[in-house]
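Work through the exercises below with the structure in view. Each task is followed by a solution in steps.

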Amino acid sequence: MSEKKKIILTKDHYASDVPIFTGRPQGRIVRSKLDFERKDGDSEMYEVHIPKGTLGFNASFYLGLFYPSYKALTPDGFHEKYKLIHLEEDEVLCEILKENIAECDVDAINEYNGKSGLDF
């Protein structure tokens with residue numbers, strides 16, 4: 001099995017000085033900078049690294065960054081191709097990031113399935 005390639009999110013990708021990934025427009029900008037369109041079509045597998053010190057990962061940023069990949073690959077294909085890795089060592093922040101990512105994934109799958117929070 002070949003080694004997964006790394007995609008490194010950095011503090012420069014935050015929308016502001018606050019260490020939170022937020023905003024769909026910011027997610028789209030980062031998606032373009034990191035060339036996800038090309039990556040979606042290649043045969044590589046990737047680890048997406050979230051930097052240490054990140055306090056949150058907002059669904060709007062997640063959707064801007066990853067939703068086109070969900071559409072191109074299907075949700076299962078997205079999860080096979082991209083693994084999100086948080087580099088945080090603080091246990092509380094680790095749990096917060098895990099919960100954030102899980103909520104983001106639910107939002108992306110709901111959007112993929114044509115549902116919104118108003119449908120429930």
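**Exercise 1.** In this predicted model, find how strand β1 pairs with β3, and over how many bridges.

Solution. Step 1: locate β1 at residues 5–8 and β3 at residues 46–50. Step 2: the two strands run in the parallel sense, and four bridges link them.

**Exercise 2.** Name the sense in which β3 and β5 pair, and state how much of β3 is buried.

Solution. Step 1: β5 covers residues 82–86 and pairs with β3 in the parallel sense over five bridges. Step 2: one of these can be followed from glutamate 47, which has lysine 83 as its bridge partner in β5. Step 3: β3 is mostly covered, with four of its five residues buried.

**Exercise 3.** Compare the span of helix α4 with the expected value, then describe its ends and its buried residues.

Solution. Step 1: α4 takes in residues 91–112, 22 residues in total. Step 2: from first C-alpha to last it reaches 31 Å, close to the 32 Å expected at 1.5 Å a residue. Step 4: just after the helix, glycine 114 has a positive phi of about 75°. Step 5: the buried residues of α4 include Leu93, Leu97, Ile101, Cys104 and Ala108. Step 6: among the elements that cover the buried residues are β3, β4, α3 and β5.

**Exercise 4.** Decide whether aspartate 40 is buried or exposed, and find the polar partner of its side chain.

Solution. Step 1: aspartate 40 belongs to helix α2, residues 36–41. Step 2: buried means under 20% relative accessible area; aspartate 40 has 9% relative accessibility, so it counts as buried. Step 3: its side chain makes a polar contact of 2.8 Å with the side chain of serine 69. Step 4: beyond four places in sequence, aspartate 40 also touches other residues, including Arg31, Leu73 and Tyr82.

**Exercise 5.** Which residues have the most contacts inside the largest nonpolar core, and which element gives the most to it?

Solution. Step 1: the core has 24 residues, and Leu9, Phe57, Tyr62 and Phe66 have the most contacts inside it. Step 2: β3, α3 and α4 each supply at least two residues. Step 3: α3 gives the most, with nine residues. Step 4: leucine 9, leaving aside neighbours within four places, is in contact with residues including Phe21, Val48, Ile50 and Phe57.

Notes
Residues numbered from 1 in each chain as written. Predicted model: local features only at pLDDT ≥ 70, side-chain atom pairs only at ≥ 80, totals over all residues. Heavy atoms only, no water. Buried < 20%, exposed > 50% of the residue type's maximum accessible area, 1.4 Å probe, protein only. Pairing = 2+ DSSP bridges. Expected span 1.5 Å × (residues − 1). Contact = heavy atoms within 4.5 Å. Polar contact = N/O pair within 3.5 Å; in protein donor to acceptor, adjacent residues only side chain to side chain. Core = buried A, V, L, I, M, F, W, Y, C linked by side-chain atoms within 4.5 Å.
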